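Please study the sequence and the structure displayed below before reading the briefing that follows.

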There are 2 protein chains.
Amino acid sequence: MSGARTPGTRPADREVSRVRILRAAAEIAAESGYEGTTISKVTKRSGLPASSVYWFFRDKDHLIAEVIRHGFEQWISSQPRWERDPRDERPLAEGLRAILSRSVRSLPQTPDFLRIGQMLLLEAREVEPEARQYFLATRDEVASSIAAWFTSYFDAGLRARRPELARDLAHIVLAATDGLLFAHQIDDALDPDEFVEVVVAIVEQAVTSD
Amino acid sequence: MSGARTPGTRPADREVSRVRILRAAAEIAAESGYEGTTISKVTKRSGLPASSVYWFFRDKDHLIAEVIRHGFEQWISSQPRWERDPRDERPLAEGLRAILSRSVRSLPQTPDFLRIGQMLLLEAREVEPEARQYFLATRDEVASSIAAWFTSYFDAGLRARRPELARDLAHIVLAATDGLLFAHQIDDALDPDEFVEVVVAIVEQAVTSD
DNA sequence: CAGTGAATGGAGCGATCGCTACAGAGACGC
DNA sequence: GCGTCTCTGTAGCGATCGCTCCATTCACTG
């Protein structure tokens, strides 16, 4: 009576099932938030039973943390790196424009994990989910690499005079990106190219204002 | 055995109980999101039974929609209005600075409904909660009044040449505010006064760039 | 072809979910 | 006092929650 509809219920590769679950969970969490992500929904969308979910992930909290870790890994590999080629002699504004406009182009298919992370950041829970802490740490790493990128453009004098500048600029870039993501979530009212110019203008002003 | 601990279980004023429930729900939703807001938590924090919750509100969805409506009402009355005194002869930048810096000062005690609304916007649910639609409509009204404020500064020529400018600027102000709110949710890395100057600079550039 | 371990299918645990039913308590008009 | 209406207290409905248990299946090893 083997009701197997597939040729045979052969165990898929470890990674295949794991990723199926992660993807399903990511979609659901992006739709319905942390609490709205139920194991039952995950099993239905992934096609794998609850026992498999708990085979791969300790508990629901850990599952969502892994959703963010995995999503970030995928995403970062497709993003322009905030790293400056030493031979690059273009001025800051131009380099910034280059990175941002590439970054912004990937916005329409904003990865789920970013939206999930933003939701988690907005929540001020009594007990912090592991997922939230992980997203915070990740975000901080990104801020650091952006700050380092800015610093590479500053001469010794500027670094000494305004030691916080690079970090401030990194935070502005992040905040602006958050705002753009948000606007984009609602409608496409904000033109991404215009956004890039706005950020470039802010940075130029901040750097030269001294 | 009347277990009444209060002098007498007299029915409170309609509005008092309603607001107790709304406030409790707002706190919980800001902590745990839409799905994380359970009737049981609301009854515990408000001190009123589930039957009272359902006496005042049709269902959970309607309750949260009312949380946003009520929160917005309270908040908007404490905010600087985007209305221009006809006798006001100050330049745009100065007027903008005045409104924004007042607005930004209320940021530390960001009202819960704003965070709840943002969470709802991030969620892309199959069935939209009433609460989300209501927040969207509210946000749109605010955008309109900001756009009208900008328009009041434009002469006929500018209005004709760039009919979308006011609305674009309004969207930029909103997006920037979202970003600031976000940054502030994480830590106080972004200086609100600096933020005001950034927005003013963007607007000035956009208006004069033509 | 028996033995092993990774992964699945399915049943089901106690707790909680959103929500309802209904009996009463208190304020009010008469 | 007596009914009426508003709101509260309590119990509990069926459904679903996160999670566990365990037998079974499959690919692989020797």
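How far apart do the end C-alpha atoms of residues 15-75 of chain A lie, and what share of the span is helix and what share strand? These end atoms lie 18 Å apart, and the span is 87% helix and 0% strand; helices (H or I, at least four residues) and strands (E, at least two) are DSSP runs numbered from the N terminus. The model is predicted: local features need pLDDT of at least 70, side-chain atom pairs count only at pLDDT 80 or more, and totals for chains, interfaces and linings use all residues. Residues are numbered from 1 along each chain as its sequence is written, while chains are lettered from A and ligands numbered from 1 in the order in which they are written.

**Annotation**
- An unreviewed UniProt entry lists residues 15-75 of chain A as "domain: HTH tetR-type"; such annotations may be inferred rather than shown by experiment.

**An enclosed helix**
- In chain A, 11 of the 11 residues of helix α6 (residues 112-122) are buried, so the helix is largely enclosed by the rest of the structure.
- A residue is buried if 20 or more other C-beta atoms, placed from the backbone, lie within 10 Å of its own.
- Among the buried residues are Phe113(A), Arg115(A) and Met119(A).

**Contact between the chains**
- 34 residues of chain A are in contact (C-beta atoms, placed from the backbone, within 7 Å) with 34 residues of chain B.
- On the side of chain A that touches chain B, α1 (14-36), α6, α9 (165-186) and α10 (192-208) each supply at least two residues.
- The most is given by α9(A), with 11 residues.

Notes: Buried ≥ 20, exposed ≤ 12 C-beta atoms within 10 Å, placed from the backbone. Contact = placed C-beta atoms within 7 Å.
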